[in-house]
Amino acid sequence: MTNILLLLLGLAIILASAELFTNGVEWLGKKLQLNEGSVGSILAAVGTALPESIIPVIAVLTGTGQNAIDIGTGAILGAPFVLSTLALAIAGVAGLLCKRNGCRRQIMHCNRVVMTRDLQFFLGAFGLVILTSFLPPSVKLFIPAVLLILYVTYVIKTLKCSSDSEDDGEINPLFFSRNNSAPSLFMVLLQVAVGLAGIVYGAHLFVDVIEELAGLLGISAFILAFVISPIATELPEKVNSLIWIRQGKDTLALGNITGAMVFQSTVIPAIGIALTPWKLTSLALSSALVSVAAAGFVLYCLKTTGQIKPSTLAYNGVLYGIFLAALAFNF
């Protein structure tokens, strides 16, 4: 019973902190004169990606032996898998259920340029991450630098594309300064910091309880690293995206997810490749290929029709369910 209460407490902290964070990030983007795509794909995506990024980094840097490598690799591959399947699917379901300007969505009202750029960078970078498993050690040495260069290039391109973004629309008052129509940068940064700290704390509390429950249930370390931890720590991104979809800000919502996919396919794998042998097992390779298939499906629909339907994103949840069922069957 105590574990269940702590689990609910962690979830409540994440939900409240996500509200603070999303509101603060929107104001920070306005203060920095960033377009909506930049806010979603860089600030929100990287900020909310920090909780789940901590797990593989700590596992690789502080752990020893094959178990630490397995946990680190599982967490690194689990984040893009959950983002490209479950997170996009939840965004699609939210798009189907939440009205925009009083009308039900026939399509997601997102910036096509932002989505295309994010998905192309993800597929290119994650494809390289997969390929690296088959490269000789002498060549692997250069891959982390290549991945970091790819992410820097992505950030520069995103920041330059201000003309490609739609109008941000009206922003709700800053929670920490509700009576001020032009809050100071200090108050904005303070709210973002408090919101992010709450997300990190809530996510860690959530994961700690999940770990204890998993131990009691006898769940393997690989499943914990690949499935349970990413789901728990990806929750902030899904909450942020749901908030923005409810507010009709689809570019922010989807950019938050796809931008995190780029981050999780470049910066975090760069650490794993640099500090581990990076030899993917058949199960790990299969999960990575499912991530590529899910993202590729959305990009294909976007390229061929010029738009994304909520149902298109929702279909990715089927891939998540099939793979999870196969994983449960094998273990």
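Because the model is predicted, local features were taken at pLDDT of at least 70 and side-chain atom pairs at pLDDT 80 or more, whereas totals for chains, interfaces and linings use all residues. Residues are numbered from 1 along each chain as its sequence is written, and side-chain values use heavy atoms, with hydrogens and water left out.

The protein chain contains 12 helices and zero strands, where helices (H or I, at least four residues) and strands (E, at least two) are DSSP runs numbered from the N terminus. Of its 331 residues, 53% count as buried; here buried denotes under 20% relative accessible area, exposed over 50%, and partly exposed the range in between, with a 1.4 Å probe and protein chains only. The accessible surface of the protein chain amounts to about 14,200 Å², and carbon and sulfur atoms hold 68% of this area, as computed by the Shrake-Rupley method with a 1.4 Å probe, only the protein chains shown counting as cover for residues. Among contacts with a separation of 6 or more, 84% join residues 24 or more positions apart, a contact being defined by heavy atoms within 4.5 Å.

The largest nonpolar core comprises 59 residues, and M115, L147, L254, M261 and I308 have the most contacts inside it; such a core is a set of buried Ala, Val, Leu, Ile, Met, Phe, Trp, Tyr and Cys residues joined through side-chain atoms within 4.5 Å. At least two residues of this core are supplied by each of α3 (65–97), α4, α6 (143–160), α8 (221–246), α9 (250–264), α10 (267–275), α11 (282–305) and α12 (310–330), with the largest share, 10 residues, coming from α3. When neighbours within four places in sequence are left aside, L254 is in contact with L88, A91, M108, C110, M115 and L313. Another core, of 10 residues, lies apart from the largest one and includes V25, W27, L28 and I171.

Beyond its neighbours within four places in sequence, F121 is in contact with L150, T153, Y154, K157 and V262; F121 and L150, which are 29 residues apart in sequence, have a C-alpha to C-alpha distance of 7.9 Å. S287, in helix α11, is buried at a relative accessible area of 1%, and, with the same exclusion of neighbours within four places, S287 is in contact with L77, F81, F226 and F323.

The structure holds one salt bridge, a term that requires a side-chain nitrogen of Lys or Arg within 4 Å of a carboxyl oxygen of Asp or Glu. This salt bridge is formed by R105 and D250, whose closest N and O atoms are 2.8 Å apart. The pair links distant parts of the chain, since R105 lies in the loop between α3 and α4 and D250 in helix α9, 145 residues apart. Both partners are buried, R105 at 5% relative accessibility and D250 with a relative accessible area of 1%.

V194, which is found in helix α7 (residues 185–217), is partly exposed, with a relative accessible area of 37%.
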